[in-house]
Amino acid sequence: DLTRTFGLFGAGFRDAMRVLRLRAAVLLLSSPGVTPSDVAKAVGYGSLDAMGRAFRDAQLPAPSIVQDAVRYPA
């Protein structure tokens, strides 16, 4: 109910958290000097493989490909 009232993503809390974690991961991947493994741990995935599956389930490219596309120059 709360997610619909405030126009948050998806059908509920779980969907909202999934989207927020993915957005945070993409944002952190843009930082120079950070590794995808560091990002996976920072946003709460148990491993880089788990984050990769989440990206794949969301129909996003692999985290390393996203990182190459969004990385801010040092």
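A charge is said to sit over a ring if NZ of Lys or CZ of Arg is within 6 Å of the ring centre and within 35 degrees of the ring normal. In this predicted model, local features need pLDDT of at least 70 and side-chain atom pairs count only at pLDDT 80 or more, while totals for chains, interfaces and linings use all residues. Residues are numbered from 1 along each chain as its sequence is written, and side-chain values use heavy atoms, with hydrogens and water left out.

Arg-21 meets the definition above: Arg-21 lies over the face of Tyr-45, at 3.9 Å from the ring centre.

Tyr-45 is also a partner of Ala-54. Leaving aside neighbours within four places in sequence, Ala-54 is in contact (heavy atoms within 4.5 Å) with Leu-22 and Tyr-45. The C-alpha atoms of Ala-54 and Arg-21 are separated by 9.4 Å, although these residues stand 33 places apart along the chain.

Two residues are set side by side below. Helices are DSSP runs (H or I, at least four residues), numbered from the N terminus; buried means under 20% relative accessible area, exposed over 50%, and partly exposed in between (1.4 Å probe, protein chains only).

In H4, the buried residues are Ala-50, Met-51, Gly-52, Ala-54 and Phe-55. Their cover includes H2, helix H3 (36–42) and helix H5 (63–70). After H4 comes Gln-59, with a positive phi near 60 degrees.

Terms used:
Helices (H or I, at least four residues) and strands (E, at least two) are DSSP runs, numbered from the N terminus.
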